[in-house]
Amino acid sequence: MRLQIDSDALAGNWRALDKLSGQAVAGAAVKADAYGLGSERVSATLLAAGCRDFFVAHWSEVPALLRHVPAEAIAVLHGPNNAQEVRFARETGVRPVLNSLHQIGLWRNGGGGPCHVMVDTGMNRLGLEKADLSSELLSGLQIDICMSHLASADEDTSQNDEQLAAFAQLRSVIAARRYSLANSAGIALGGAFHADVTRPGIALYGGIARAELAGHIRQVARPEAAVLQIRTLQAGDKVGYNALFQADREMRVGTLAIGYADGFLRCWTGRGCFHWNGRRAPTLGRISMDLTIVDLSDLPDCREGDWLSAAYDLPSSARSTGLSQYELLTLLGRRFSRGGA
Ligand SMILES: *Cc1c(COP(=O)(O)O)cnc(C)c1O
């Protein structure tokens, strides 16, 4: 199994988002192994494109990134939870995002240094609360980015303006070198949301977080699977677990080396489709753990060993499966080799 990554499209998406960010510069959310695409390759490509701010969630995600990206360009969103993580940040020069007074205390006790701060403006997930902002612990912190996160930027809702208003007040309360609010969808909300740095994730990888982004963003990731076996069915023959498909005519079918253990979940049953030389091979019957059966009727010249490409455009795949565009990428498993141009 291969996950083809189109590096040109990835770099192009970053440049498009950087441009759409107006006065602000675009960073990149590369947490969760760059949404499953492979953080080393992705971060090297984005660095070459001009990206200078990289956001991961966990400390364990830092070493892979450090092979390509300068330490001070790496921000760890979860922040430090113990003295060891503080020591790791200070030794490497990677910057923690401090989310609570507890984390600020840990950082100060460990010696402090340049850091970022997350403030909650209405999502109630991570970040300092309003009441925390007057704490003495904040004075003298070397804050690079003061950031907050939008809960519903993919919707048209008053919550966006409420969060923007709360964020605007922060400038007079927290002194930082830079301010940051927008994720991918937030970039499409317009200039008021851009501040100094934007933090796109899903749109870098081909996700259309809001309709305004369509036309700017290209597909980046394409799963491919090899044909292991081809057979000819007769009318009445049954296919796969629980015989969810039964042939009503003679038909040529192929078995592909991809299944739900690879993140090609059972919700693709009856919906999935693969492509080969511009022709379609719809899935037949239930998706198995390691295997998927497809209809090769329109691919008479396809042979065992050939590779088929899954139809994996994120917005339409999300609509047909009920999975989010984020899940469609982060699900893709470890058995994929990640490569491509
Ligand atoms: C994941 C994340 C992002 C990126 O969000 P997208 O919706 O993928 O663009 C930005 N900021 C924070 C704090 C995040 O956790």
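What follows covers the ligand's surroundings and then the cavity.

This is a predicted model, where local features need pLDDT of at least 70, side-chain atom pairs count only at pLDDT 80 or more, and totals for chains, interfaces and linings use all residues. Residues are numbered from 1 along each chain as its sequence is written, and side-chain values use heavy atoms, leaving out hydrogens and water.

**Around the ligand**

The ligand has 14 residues around it, and Lys31, Tyr35, Ser184, Ile202 and Tyr326 come nearest (a residue is near if one of its heavy atoms lies within 4 Å). By class, this shell holds 7 nonpolar, 4 polar and 3 charged residues. The table shows polar contacts, which are pairs of N or O atoms within 3.5 Å.

| Protein atom | Ligand atom | Distance |
|---|---|---|
| Ser184, side-chain N or O | oxygen | 2.5 Å |
| Ile202, backbone N or O | oxygen | 2.8 Å |
| His149, polar side-chain atom | nitrogen | 3.4 Å |

Taken alone, the ligand exposes 390 Å², and the protein buries 93% of that (areas by the Shrake-Rupley method with a 1.4 Å probe).

**The cavity**

How many cavities of 30 Å³ or more does a search of the whole structure find? The search finds 1, a cavity being a set of points on a 1 Å grid over the protein atoms alone where a 1.4 Å probe fits but cannot get out. The largest cavity has a volume of about 30 Å³. Its lining residues, which have an atom within 4 Å of a point, include Tyr205, Gln219 and Leu329. By class, the lining divides into 6 nonpolar, 2 polar and no charged residues.

Conventions: A polar contact is a pair of N or O atoms within 3.5 Å; within protein, one must be able to donate a hydrogen and the other to accept it, and residues adjacent in sequence count only if both atoms are side-chain atoms. Ala, Val, Leu, Ile, Met, Phe, Trp, Tyr, Cys and Pro count as nonpolar, Asp, Glu, Lys and Arg as charged, and the others, Gly among them, as polar. On a 1 Å grid over the protein atoms alone, a cavity is a set of points where a 1.4 Å probe fits but cannot get out, and a pocket is an open set with protein on both sides within 12 Å along at least five of seven lines; lining residues have an atom within 4 Å of a point. Grid points are joined across faces, edges and corners, and a volume is the space filled by probe spheres set on the points.
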